Amino acid sequence: MTRRIGILTGGGDAPGLNAVIRGFTRRAVREFGWQVVGIFDSFNGLILEPRRTQRLKDDEVRKILAWGGTILGTTNRGDPFDFPLPEGRQDLSSHLAQVLAEEKIEGLVVIGGDGTQKIALRLMQERGIPVVGVPKTIDNDLSGTDLTFGFQSAVCVATEALDRLHTTAESHERVMVLEVMGRDTGHIALHAGLSGAADVILIPEIPYDPARVAAKIQRRQRKGRCYSIVVVAEGALPAEPDGRPVAEADRSRRLRAGGGAAQILMAALEGRVDAEMRATVLGHLQRGGSPVPSDRLLATRFGAHAADLVAAGRWGRMVRIRDDHVDSIPLEQAAITRFVDPDSELVSVARQMLVELGSE
Ligand code: F6P
């Protein structure tokens with residue numbers, strides 16, 4: 001009997017999802033002769049009625065390499081173990097296993113971030129559903145892999161925004177604050193900030209002192225550089241008065257109440273900086289649009305390797321790249337966050353380039 005393998009995308013989208021779908025499908029269909037079943041809107045396509053699936057053949061994936069988004073749709077509101085129904089949350093994971101059996105789908109390729117990979121692992125451990133994971137996040141903050149697709153595209157968008165902010169900042173002699181994505185980690189901020197010649201880069205891993213940021217802006221002004229460019233990750237916050245980071249439990253509340261990282265910074269600089277300030281929140285522009293070539297390449301390699309794992313029966317593993325070699329790790333190790341290391345070479349280079357990071 002022809003093997004039938006399902007594929008789905010879960011969580012927030014990232015440029016390169018379609019390239020993974022194409023990479024997997026092409027290899028699965030052409031090389032291994034399987035049927036590939038695309039499942040729409042993450043696990044929801046199997047859980048909700050009518051079911052939404054589509055057989056993917058070479059024709060369906062032929063043109064999608066450079067497309068942004070995901071042809072399968074995605075959501076971060078469809079955990080089968082805690083599924084939101086009008087009558088309340090329910091565990092529909094056994095139902096999902098039954099639907100897979102009815103559809104004769106042998107296993108799933110799950111493309112998603114840490115949340116989705118955690119669900120995939122539970123489905124395998126608790127419901128016996130064979131899964132292979134493909135990591136996805138524009139934040140590039142999964143410790144199991146050196147790189148995730150979507151990151152380079154997001155850095156490109158943020159860097160281009162910085163290039164544009166430079167010219168308008170200089171014309172008006174303003175302080176321009178660019179808020180980029182990165183709720184927990186500052187990889188996008190650091191990479192884009194360095195590539196876009198930011199004067200200040202603030203990341204969640206280094207709680208900042210607003211006085212240091214103000215001092216940097218003033219130093220520039222004294223040298224006749226009457227404008228400054230500040231990049232702030234959406235999860236970056238000032239240190240508490242005693243210098244400690246804001247407690248984890250308090251972080252999101254603080255960010256929401258303050259109107260976001262850029263607003264909190266601008267409020268903290270008010271009265272300390274003699275210049276007009278403007279904030280730009282880049283938001284989902286960083287996730288949209290066509291993937292850059294390096295993301296297309298990485299996503300294609302990930303998709304092809306996912307097919308190899310299925311072919312070898314190596315379920316329960318997640319594809320990753322390490323030292324430019326694509327292989328896999330157990331799914332158990334998938335969801336560990338990789339923070340920016342304040343002692344890393346990249347952070348030192350930022351300091352060598354006289355970038356202010358808000359702390360010693
Ligand atoms: O996890 C990726 C990410 O880009 C985060 O940096 C950001 O906080 C989040 O997605 C935004 O997600 P949503 O689409 O739910 O607003």
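I start with what counts as a cavity: on a 1 Å grid over the protein atoms alone, it is a set of points where a 1.4 Å probe fits but cannot get out, and lining residues have an atom within 4 Å of a point. Grid points are joined across faces, edges and corners, and a volume is the space filled by probe spheres set on the points.

My ground rules: this is a predicted model, where local features need pLDDT of at least 70, side-chain atom pairs count only at pLDDT 80 or more, and totals for chains, interfaces and linings use all residues. Residues are numbered from 1 along each chain as its sequence is written, and side-chain values use heavy atoms, with hydrogens and water left out.

**Cavity.** I found one cavity of 30 Å³ or more. The largest cavity holds about 40 Å³ of space. Its lining is Pro204, Pro207, Leu237, Pro245, Val246 and Arg251. I sorted that lining into five nonpolar, no polar and one charged residues (Ala, Val, Leu, Ile, Met, Phe, Trp, Tyr, Cys and Pro count as nonpolar, Asp, Glu, Lys and Arg as charged, the others, Gly among them, as polar).

**Ligand.** Which residues surround the ligand? I listed Asn76, Ile138, Asp139, Met181, Gly182, Arg183, Glu234, His284 and Arg287 (a heavy atom within 4 Å counts). This shell divides into two nonpolar, three polar and four charged residues. Domain 1 (4-149 + 291-322) and domain 2 (152-287 + 341-352) both give residues to the shell, so the ligand lies between them.

Next I checked distances from ligand oxygen atoms. One is 2.8 Å from a side-chain N or O atom of Asp139. For Arg287, I again noted 2.8 Å to an N or O atom in the side chain. At Gly182, a polar backbone atom is 3.2 Å from a ligand oxygen.

How values were computed:
A polar contact is a pair of N or O atoms within 3.5 Å; within protein, one must be able to donate a hydrogen and the other to accept it, and residues adjacent in sequence count only if both atoms are side-chain atoms. Domain bounds come from an automatic or database domain assignment. On a 1 Å grid over the protein atoms alone, a cavity is a set of points where a 1.4 Å probe fits but cannot get out, and a pocket is an open set with protein on both sides within 12 Å along at least five of seven lines; lining residues have an atom within 4 Å of a point.
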